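Here are a few notes to go with the model while you have it open. Take them in any order.

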There are 2 protein chains.
Amino acid sequence: MHPKFLTKLQQHLSKEFVLTDPQKCWPYGTDGTQCFFMPETVVLPKTHDDVVFITRLCNEYEIPLVPRGAGSGAVGGAVPIHGGIVMSMMRMHNIVSIDHENRVMIAEPGITNLAIQIAAKKHNLFWAPDPGSREYCSLGGNLAHNSSGPRAIKYGTVRENVLALKAVTGNGDTIHTGAYTTKNVVGYDLTRLLIGSEGTLATITEATLKLLPLPKKQMTLRALYRSIEGATTAVTQIMGQAELPSALEFMDKTTVDLVRQYGGVDLPQGVEALLLIGIDGNDHSINDVVSIIQEASKTSDLMTIDIAKDEQESQKLWQARRRISPSLRHVAPKKINEDIVVPVSKIPALLKALEKLSKQYGITIVSFGHAGNGNIHVNLMYDPDNKLQAAHVDECLQKVFTIVLNLNGSLSGEHGIGLSKQAFITQEVDEHSLNLMRQIKQVFDPKGILNPGKIFPANSPPL
Amino acid sequence: MHPKFLTKLQQHLSKEFVLTDPQKCWPYGTDGTQCFFMPETVVLPKTHDDVVFITRLCNEYEIPLVPRGAGSGAVGGAVPIHGGIVMSMMRMHNIVSIDHENRVMIAEPGITNLAIQIAAKKHNLFWAPDPGSREYCSLGGNLAHNSSGPRAIKYGTVRENVLALKAVTGNGDTIHTGAYTTKNVVGYDLTRLLIGSEGTLATITEATLKLLPLPKKQMTLRALYRSIEGATTAVTQIMGQAELPSALEFMDKTTVDLVRQYGGVDLPQGVEALLLIGIDGNDHSINDVVSIIQEASKTSDLMTIDIAKDEQESQKLWQARRRISPSLRHVAPKKINEDIVVPVSKIPALLKALEKLSKQYGITIVSFGHAGNGNIHVNLMYDPDNKLQAAHVDECLQKVFTIVLNLNGSLSGEHGIGLSKQAFITQEVDEHSLNLMRQIKQVFDPKGILNPGKIFPANSPPL
């Protein structure tokens with residue numbers, strides 16, 4: 001790295017926010033996956049102007065610049081595979097404004113999802129996206145990967161809940177996309193283009209979030225099934241009527257066992273699948289919706305369906321749900337965690353095919369997730385020390401993706417492509433579209449400094 | 001036009017679908033505005049492959065290609081200002097599939113919005129966007145301008161209700177964007193990039209629409225106010241609570257007079273503003289919502305609030321609402337119809353400022369529209385034969401836009417930019433963003449054949 005480059009950085013930001021000591025840089029080299037690449041330098045901007053300065057400098061010296069949120073991403077999206085600068089956005093964690101009359105919050109990318117929810121709640125509002133990692137994941141990460149969590153089923157994903165963005169392109173230009181209003185069609189939709197672009201097009205420095213009125217009442221239902229088919233049929237039935245739940249989470253047997261073991265939730269034996277159903281509404285309407293959804297949950301393999309006794313039991317269930325992913329890592333530290341999506345009616349076919357695959361390869365496959373959107377988190381619990389498993393896990397994963405795509409599904413619902421899935425993207429995205437995306441990348445980031453080596457296949461042909 | 005070009009067109013499409021006779025081409029030279037440009041040739045493709053063939057040919061001969069739906073657009077988006085080919089999509093009006101289990105419809109762009117609704121209704125589903133022109137406007141036009149109508153308040157705009165697109169870029173490449181699922185983050189969001197791009201990036205040949213369950217019951221409330229402030233305060237109150245109406249339409253006094261005169265709706269004297277409120281829900285919940293919204297509608301200037309007696313009265317009110325725009329044209333054939341947006345809390349300030357402007361310029365300004373989204377249709381009822389009005393109408397319009405932007409609003413909610421607003425776009429979109437948009441246009445359409453001369457300012461500098 002050019003010494004002048006570093007001097008200029010240190011002149012602009014205080015020294016304590018330009019990290020070069022490997023020990024200090026080290027934590028910024030990984031994310032929610034196990035991959036690690038050492039950043040050469042880590043910078044921690046505090047303002048939009050800092051981001052402009054850093055980006056211009058990196059652009060001038062052609063040094064890779066990897067924007068980074070809380071580092072909880074699941075696809076290696078925030079790791080600096082070509083070295084260079086990691087730019088942690090975590091010092092930019094302010095709420096710029098809350099406008100309760102128009103239900104709009106403007107926030108910086110370093111704020112956690114939970115902090116957004118807490119601030120919104122004071123105005124009887126909420127922001128729809130709430131990934132399982134909401135306690136520590138950052139807004140910037142939610143925007144980068146369109147990470148939306150369980151409530152997307154009723155309230156949409158990040159793309160449906162952001163109105164406008166302020167961002168810095170690869171050559172350091174500031175852009176303002178979208179509008180402060182819920183309707184807007186003035187030129188091309190750059191807002192949604194940036195959402196889900198995983199930091200490869202521009203660094204978001206402010207997001208204008210569409211908030212929603214907090215429902216007066218929330219309830220949790222827990223339905224236990226003797227078979228997977230029983231549960232998945234119920235999912236299709238629930239999604240086939242007008243009153244949508246605010247969450248519809250599926251857990252297979254292994255997940256149920258984990259929740260029992262690590263979550264401290266009392267569950268009877270013989271449960272092959274569980275649905276965790278969130279319902280919201282006002283004091284009057286909620287009981288209606290509860291009985292409608294209870295009715296829709298009934299299949300021949302239903303064991304019991306219960307309303308969480310109280311807020312405490314409800315919290316316990318959701319807490320257990322949020323802990324599934326970390327708990328699974330205890331069992332299989334090297335597990336491969338995918339977040340594929342299939343049309344809701346194809347969930348039974350997906351799970352049946354996964355079961356077959358699991359037997360064929362001798363690899364336990366654990367499935368749980370946002371069944372209402374068909375967004376299932378599929379975990380291949382392989383042991384790298386088991387040579388047979390290790391030799392076939394890639395083949396098994398490829399088969400998972402083939403099954404998903406044959407069911408008219410998608411490779412990722414909310415984790416993104418990053419590093420982990422770039423080898424597979426051409427199986428879903430056609431050549432012309434991928435080529436357009438590559439050229440769009442070049443338009444926003446002519447020197448290719450922003451988060452290089454992500455999304456696009458590594459050995460993809462030049463434009 | 002090169003004779004070989006025409007021969008090739010006629011060899012591919014049957015002669016009856018390649019129009020060259022000026023009399024037959026003439027209707028394709030205008031749209032919902034008064035501007036007219038004569039197409040040199042009109043083609044009417046029937047299949048995706050036809051569109052590919054036509055586009056490749058136009059690209060080869062560098063001939064402008066203007067895709068066109070029903071021609072009801074409000075900004076001259078579909079007129080061939082540089083001549084060339086107009087490609088009417090109205091023969092491509094098939095529903096490719098309806099998947100009621102997953103609530104998805106795939107349809108071609110020439111289908112009318114109403115035909116979509118009728119087909120969806122058979123499965124107890126609906127597509128949220130329903131512009132006032134829904135009886136004749138096409139899906140393609142809805143996609144081109146993100147035109148969403150009243151229900152956007154509760155169910156979102158076109159962008160929130162489309163999952164995937166099949167389209168043909170400027171050089172004739174076929175692309176498939178998005179996915180069949182409600183969650184998806186695999187590469188950049190080309191779906192939303194095309195929605196609202198007014199036919200300048202690619203021609204959409206199939207759209208995968210997200211349908212919603214049809215509410216079991218619908219009701220219409222009509223609230224009459226002695227003052228504009230009374231009504232706009234009620235709008236803020238209604239939008240400030242959790243139970244959203246499915247439509248919240250505002251009419252000012254002039255509009256009320258029109259509805260009385262042309263719509264055959266009986267309304268008392270002294271009404272200065274009217275709110276037409278749509279509410280949907282199930283048999284039980286709807287009465288709750290009605291009483292909540294009735295309560296929220298109360299301000300000191302409320303005269304009466306009534307529930308439409310029956311379906312017939314309700315239909316009469318909505319029919320009258322949909323006829324406002326055509327009726328206004330009877331009164332002022334050359335009226336300028338804008339569809340600006342402001343944050344809901346700024347509607348009172350907007351209307352006050354418009355009243356002042358109206359007095360200042362002696363031009364009647366009629367305002368009505370989707371108050372719940374702050375999307376107000378502002379009509380400057382000027383008479384071109386009145387020299388004083390004609391001399392100042394442009395200045396007045398500029399002041400309208402300045403007011404809107406100062407209130408943190410946007411130039412267009414659902415009409416788009418097209419030809420009519422291209423001179424103003426730089427007032428809302430910053431230079432860097434506009435430059436990115438221009439370069440994106442070049443990526444999708446390297447020779448600039450697709451709907452040239454739209455959106456971007458006419459005398460904008462080269463890249």
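What share of the contacts in chain A with a separation of 6 or more comes from residues 24 or more positions apart?

1. That share is 72% in chain A. Keep in mind that this is a predicted model. As for confidence, chain A has an average pLDDT of 94, and 99% of its residues score at least 70. For the complex, the predictor reports an ipTM of 0.96 along with a pTM of 0.96.

2. On to the fold. Chain A contains 15 helices and 18 strands. Its radius of gyration is 22 Å, close to the 23 Å from the globule rule for 463 residues, so chain A is as compact as a globular protein of that length. Along the principal axes, its C-alpha atoms fill a box of roughly 70 × 60 × 45 Å.

3. Now burial and surface. In chain A, 62% of the 463 residues count as buried. The accessible surface of this chain is about 17000 Å², and carbon and sulfur atoms hold 51% of that.

4. Is B:Ser327 buried or exposed? B:Ser327 counts as buried because its relative accessibility is 9%, under the 20% cut-off. Beyond its neighbours within four places in sequence, B:Ser327 makes contact with B:Leu258 and B:Tyr262.

Conventions
Residues are numbered from 1 along each chain as its sequence is written. Chains are lettered from A and ligands numbered from 1 in the order in which they are written. This is a predicted model: local features need pLDDT of at least 70, side-chain atom pairs count only at pLDDT 80 or more; totals for chains, interfaces and linings use all residues. Side-chain values use heavy atoms; hydrogens and water are left out. Helices (H or I, at least four residues) and strands (E, at least two) are DSSP runs, numbered from the N terminus. The radius of gyration is taken over C-alpha atoms; the globule rule is 2.2 Å times the number of residues to the power 0.38. Buried means under 20% relative accessible area, exposed over 50%, partly exposed in between (1.4 Å probe, protein chains only). Contact means heavy atoms within 4.5 Å. Accessible areas come from the Shrake-Rupley method with a 1.4 Å probe; for residues, only the protein chains shown count as cover. pLDDT is the predictor's confidence in each residue, from 0 to 100.
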